[in-house]
Amino acid sequence: MGLTVTQWGLLLDLLGVLFLFYFGLPSDIKSINGPGLAIGLENENDADLIKAHNRKIKVGAYTGLFLIFGGFCLQFLGSC
């Protein structure tokens, strides 16, 4: 018994919500010389770690948003 298009959409929505729950919405709270909060850094390694962390959160957050949008589209197609 296979899944319908609407059920695939619901699964994508659920996965997208889990991504957003884990990563949060895309934001630059920790930043180096940019928008957001200013924090004191001791060395360049801290700056590289924060940039890598921001990049990971941004990718995860946008992936979650994309999954939710894709799931909505599948649900809409399945209802037609």
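These legends walk through several close-up views of a predicted protein model.

Because the model is predicted, local features need pLDDT of at least 70 and side-chain atom pairs count only at pLDDT 80 or more, while totals for chains, interfaces and linings use all residues. Residues are numbered from 1 along each chain as its sequence is written, and side-chain values use heavy atoms, with hydrogens and water left out.

View A. The protein has 80 residues, and 19% of them count as buried. Buried means under 20% relative accessible area, exposed over 50%, and partly exposed in between (1.4 Å probe, protein chains only). The accessible surface comes to about 6,100 Å², and carbon and sulfur atoms hold 69% of that surface. Such areas come from the Shrake-Rupley method with a 1.4 Å probe, and for residues only the protein chains shown count as cover. Take the contacts (heavy atoms within 4.5 Å) with a separation of 6 or more: 74% of them join residues 24 or more positions apart.

**View B. L3, W8 and L11 make a nonpolar patch on the surface.** Patches are made of residues with over 30% relative accessible area and no salt bridge; like charges are joined within 9 Å, and nonpolar side chains (Val, Leu, Ile, Met, Phe, Trp, Tyr) within 5 Å. A salt bridge is a side-chain nitrogen of Lys or Arg within 4 Å of a carboxyl oxygen of Asp or Glu. Look for L3 in the segment before helix 1 (5–23); L3 counts as partly exposed because its relative accessibility is 42%.

**View C. F19, Y22 and F23 form one aromatic cluster.** The structure holds three aromatic pairs. The ring centres of F19 and F23 are 5.9 Å apart with planes at 35°, so this pair is tilted. Rings of Phe, Tyr and Trp (its six-membered ring) pair if their centres lie within 6.5 Å; planes under 30 degrees apart count as stacked, over 60 as edge-to-face and the rest as tilted. Both F19 and F23 lie in helix 1, four residues apart, about one turn of the helix. Y22 and F23 pair edge-to-face, at 4.8 Å centre to centre and 90° between the planes. Y22 is exposed, at 62% relative accessible area, whereas F19 is partly exposed, at 27%.

**View D. S27 and K58 meet across the sequence, 7.2 Å apart from C-alpha to C-alpha.** In sequence, the two are 31 residues apart. S27 sits in the loop between helix 1 and helix 2 (44–79), and is partly exposed at 36% relative accessibility.

How values were computed
Helices (H or I, at least four residues) and strands (E, at least two) are DSSP runs, numbered from the N terminus.
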